[in-house]
Structures are given as structure tokens and as C-alpha cells.
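The sequence and coordinates come first.

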Amino acid sequence: MEKGEAPCHGEVMKQAGFSVVVLAAGQGTRMRSDTHKVLHPIAGKPMLLHLLDTVDALGANRRVVVVGKGREQLEAALAGHGVTTAVQAEQKGTAHAVQQASEALTGAEGPVLILYGDTPFVTGETLQRMIQRLGGSDDPGVVVLASSPPDGKTYGRVILGEDDRISKMVEYKDANEAERAVKLCNSGMMAVASADLFRWLAQVGNDNAAHEYYLPDIVMIARGEGRHPVAIEGEAFETAGVNSRAELAHLELDWQRRRREEALEQGATLIDPESVWFSADTKLGRDCTIEPHVVFGSGVSIADGAFIRAFSHIEGATISSGCEVGPFARLRPGAVLEEGAKVGNFVEMKKARLGRGAKANHLSYIGDADVGTKANIGAGTITCNYDGFTKHRTVIGAGAFIGSNTSLVAPVSIGDGAIVGAGSVVTKNVAADSLAVARGEQRGFVGWAKRFREKALAKKGVS
Ligand code: UD1
Ligand code: MG
């Protein structure tokens with residue numbers, strides 16, 4: 001058996017003519033959650049959708065998700081994915097669960113991959129190896145994906161015979177001491193030809209410790225027909241399942257570690273990789289630098305050479321090359337920074353474009369706004385975009401200069417090259433190249449402060 005590589009975003013060749021059954025009818029009680037277990041996110045994306053992306057990339061013909069309790073949540077999450085659901089009303093075991101997919105797979109030809117919704121990171125390469133092994137000249141009938149995790153816990157064990165042939169599959173509950181000591185564990189995932197699958201499932205009984213219909217039993221049933229089921233080995237990361245919040249957190253961490261390695265490999269500088277958190281869809285260009293403690297929410301794309309300083313939180317943002325962000329910046333969905341734009345500390349942006357070379361360097365809120373090329377947004381500028389009912393837009397022209405502590409009460413526009421005096425509350429449009437000052441006029445009273453101080457001291461009896 002050889003181990004497969006499991007990168008986060010491995011590219012695989014399409015594989016013709018196979019179906020997928022994803023089991024997701026289990027209760028997931030140990031999560032203690034109102035959210036269905038397989039919808040808990042890793043890197044911001046539900047586990048089940050990670051898995052479906054992998055099988056989609058491989059080109060599955062038919063995809064059936066077996067659902068039970070909480071099926072409404074799954075059906076909502078799967079809307080638009082072109083997936084069939086099959087209902088397992090009562091959870092009687094993994095073999096019984098797969099049986100529920102028989103109607104949805106009527107007429108299906110070729111291999112069926114049986115996968116688990118709570119084991120999201122099996123790679124396309126490994127699935128492809130399973131399919132290829134199933135089609136081997138020895139016609140094994142069943143290919144089981146196994147792994148040798150550092151701690152085998154209560155996984156079922158795979159007892160090998162000659163070469164990769166399986167002599168026995170045994171559930172932990174049913175295993176003796178010697179069998180429990182075997183390192184090779186059943187991931188639960190299998191490849192079986194659709195022509196055989198349902199015939200073998202129909203023969204599975206429930207005479208075992210859990211009184212459940214065990215899917216691994218089809219291995220022995222296939223052997224009864226003279227076939228020689230085999231195991232292939234995947235990495236522990238690929239076969240790691242989630243049953244509890246702790247396992248969810250560990251798998252998230254494993255995913256992040258791999259993603260950080262991938263980012264470094266692809267030419268990004270992460271000064272402290274362990275403190276950078278990615279989303280499943282984060283796009284990073286070459287030669288960008290990410291300082292410590294940066295969190296990427298979903299929908300972020302960062303072009304070559306951008307610089308993200310420490311403690312920034314970035315979500316739904318498009319950052320062009322040569323941009324600088326942070327430290328302590330918050331970019332929310334719809335933030336677009338064009339080439340060379342800069343966003344500094346304690347600046348929040350939402351649904352706003354910062355044109356080429358524009359700057360908002362300190363303490364600002366820029367929401368529902370369009371900021372032109374090379375405009376300068378002074379410290380403490382606020383776009384007042386919300387009147388309590390509706391959002392309104394602010395448009396700032398190219399080369400405009402907004403003085404510090406300005407409130408721009410939207411809807412409002414500042415023309416190209418205009419200057420707004422510091423401390424202004426701007427409620428009317430400002431024409432191009434003009435100066436707008438909207439604040440109380442300054443008055444001066446010569447000697448007033450001195451007189452005031454002397455009077456006050458005299459009252460207190462201080463000379
Ligand atoms: C199963 C395997 C075990 C393997 C382990 C790997 C069996 C009998 N045992 O055990 O050999 O090491 O997975 O994680 O197959 N499910 C249903 N309907 C059911 C029962 C389960 O849809 O009636 C789904 C669950 O949602 C889950 C998957 O099948 O996605 C596995 O079920 P689970 O109960 O976790 O099986 P294990 O006891 O872990
Ligand atoms: Mg399990």
C-alpha cells in the first residue's frame with residue numbers, strides 16, 4: 001500500500017462514470033448542537049460541502065446524500081447542488097443507510113463510492129486510487145479505504161491477509177485483544193461496483209454487539225462469492241472523522257496547518273504561520289506578506305505583493321497588488337482596494353472601493369462608498385451611511401482630500417480634487433476643486449483665558 005498526498009486543493013483528473021453515496025443520517029449527539037453535524041464549518045465552509053467539492057472535481061455522475069434527523073437543514077444547505085437525498089428514517093447502521101440510496105441509484109453503472117459526511121477531507125487522488133483498484137484485473141469487489149492513525153481509538157480494524165487483501169473486518173466493539181492491537185483502521189469509506197453493492201447489502205445481518213447492520217460486513221459477503229476485497233491506505237488527515245467539538249477543532253487546526261504550508265510553498269511570506277487563519281476560499285498571490293495574527297473570513301482575494309499587517313480581520317475583500325492593509329484593519333464584505341491603495345490602523349471598510357493609490361490611514365469608517373484614485377481620507381473620517389432605515393452612498397472623487405474628523409452624511413458626493421476642511425459635517429455635495437468647510441467658525445478673545453484664571457484663583461483664595 002502506498003500513501004497518497006493530501007493537499008488542501010489538489011487538482012485531479014476527471015474520472016468517468018461513478019456515483020457517490022454520502023452517509024449523513026447519524027444523530028451527531030456528541031456535538032451537542034442544534035446544527036446538523038456535517039454542516040459545522042471547517043475553514044468557514046460546512047464539512048459536507050468540502051466533501052461534495054472534492055467529488056464534484058472528480059466528476060461524479062450521481063450524488064446521493066443519505067439523511068435522517070435534521071434533514072431539513074441538509075436539504076436547505078444542498079439546494080442548488082444537484083444532489084439527491086435519500087431518507088433513512090431510523091438509524092439501523094451503516095449498511096442499512098447505504099441501502100436507502102438504492103432507489104436513487106437505479107440504473108447506475110460503474111463504481112459507487114461510499115463516503116461519510118463527517119469525514120470531509122478525503123482527497124480526489126485517493127478516491128481515484130480506490131476506483132482504479134476496484135477495476136483491477138483481480139476484480140476485488142470491494143476496496144476499503146484504511147489508515148493507520150496514531151491513535152486507533154474505537155475505529156473498526158482491517159485485518160490483512162496476503163498483499164492488500166482483507167482477511168477480516170471487525171468492529172472495535174466486536175474485536176478481541178489481538179484485533180484491537182492492529183494499527184490498520186477502517187475509515188468507513190469504500191468503493192463497490194453498483195452491480196454488486198445492493199445484492200451484498202441485502203445479505204447483511206445485525207447479529208453483533210451493536211445490533212446494527214454493519215457496512216463492513218459486505219467484505220466477508222464478497223469473499224463468500226469468491227472475490228478478494230482489498231484495502232488501500234490514506235493519510236490520517238483524510239480519514240479523520242468529526243464526532244465532537246474537540247475533534248472539529250483538531251481537524252480545523254490540521255486543515256489550517258496544511259493551508260499555511262501550501263501558502264508558504266506558493267510564495268507567500270507568513271512571518272508567524274501558526275497565527276494566520278485562512279478560509280477555504282482564500283486566494284493569496286505570490287510575494288504577499290502576512291504579518292502575525294491575521295484572520296481571513298470567506299471571499300478574500302489578495303493579489304501579488306500585497307502587505308497585510310498584524311491583527312487585521314479581512315472578509316469578502318479584494319486586495320490588489322501593492323496594497324497595504326493594517327495593522328488592526330477590518331475589511332468587511334465588498335471592500336475593494338485597487339492597486340497601491342492603503343488602509344491603516346482602526347479603519348473599517350464595507351461595500352466600498354478605494355481607488356488606485358487612495359489612502360485611509362487612520363481611524364475611519366468607509367461604508368457604501370466609492371473613493372477615487374489617490375484620494376486621501378483623513379484620520380477619523382466617517383461615512384454616515386445609515387439613517388436608521390436605509391443605507392446611502394458616499395462618492396469621493398479622484399485626488400480629493402478629506403480633512404481629519406469629517407462626517408460625510410450620505411448620500412453625498414465630493415468632487416474630484418476638492419478639499420474638505422477638518423472637523424466638517426458635510427451634508428451637501430461638494431463641487432470639484434472647491435473647498436468645503438462645514439463647522440462652527442472659530443472666534444478669538446484676547447486675554448480672556450488669563451482673566452478667567454485669575455478670577456477663579458481669587459475665588460479660591462489662592463494668590
Ligand atoms: C464506522 C465503521 C467503522 C469505522 C468508522 C470510521 C461501521 C459499522 N463501522 O463506525 O468500522 O472505523 O465508521 O469512522 O460501519 N450513519 C448513517 N446511518 C446509520 C448509521 C450511521 O447515516 O444508521 C452515518 C453517520 O452519520 C456517519 C457514518 O454513517 O456519517 C458512520 O457512522 P458512525 O455511527 O459514526 O459509525 P462508527 O461507529 O464510527
Ligand atoms: Mg463515527
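## Polar contacts of the ligand

In this predicted model, a polar side-chain atom of Glu171 is 2.6 Å from an oxygen atom of ligand 1. The side chain of Gln88 also takes part: one of its N or O atoms lies 2.6 Å from a nitrogen atom of ligand 1. The contact of Ala25 is made through the backbone instead, with an N or O atom 3.0 Å from an oxygen atom of the ligand.

On its own, ligand 1 has 740 Å² of accessible area, and the protein covers 82% of this.

## The shell around the ligand

There are 19 residues around ligand 1, and those that come nearest are Gly26, Gln88, Thr94, Glu171 and Asn186. Two of these, Gln88 and Glu171, are the residues with the side-chain contacts described above. By residue class, the shell holds eight nonpolar, eight polar and three charged residues.

Which secondary-structure elements each supply at least two residues of this shell? They are strand E1 (19–24), helix H3 (94–99) and strand E10 (185–193). As for the site itself, ligand 1 takes up the space of the largest pocket.

## Backbone geometry

Most residues other than glycine have a negative phi, and most peptide bonds are trans. The following residues depart from that pattern.

Two cis peptide bonds can be listed, each with a proline as the second residue. One joins Gly326 and Pro327, with omega about 5°; Pro327 is in the loop that runs between strand E21 (324–325) and strand E22 (330–331). Another joins Ala410 and Pro411, where omega is also about 5°. Pro411 belongs to the loop between strand E30 (407–409) and strand E31 (412–414).

Where does His293 lie? This residue is in the loop between strand E15 (289–290) and strand E16 (294–296). Phi of His293 is near 60°, which is a positive value in a residue other than glycine.

Key:
Residues numbered from 1 in each chain as written. Chains lettered and ligands numbered in written order. Predicted model: local features only at pLDDT ≥ 70, side-chain atom pairs only at ≥ 80, totals over all residues. Heavy atoms only, no water. Near = heavy atom within 4 Å. Polar contact = N/O pair within 3.5 Å; in protein donor to acceptor, adjacent residues only side chain to side chain. Areas by Shrake-Rupley, 256 points an atom, 1.4 Å probe, with all protein chains shown as cover. 1 Å grid on protein atoms, 1.4 Å probe; cavity = no way out; pocket = protein on both sides within 12 Å on 5 of 7 lines; lining within 4 Å. Sits in = over half its atoms within 2 Å of the grid points. Helix = DSSP H or I, 4+ residues; strand = E, 2+ residues; numbered from the N terminus. Nonpolar A, V, L, I, M, F, W, Y, C, P; charged D, E, K, R; others polar.
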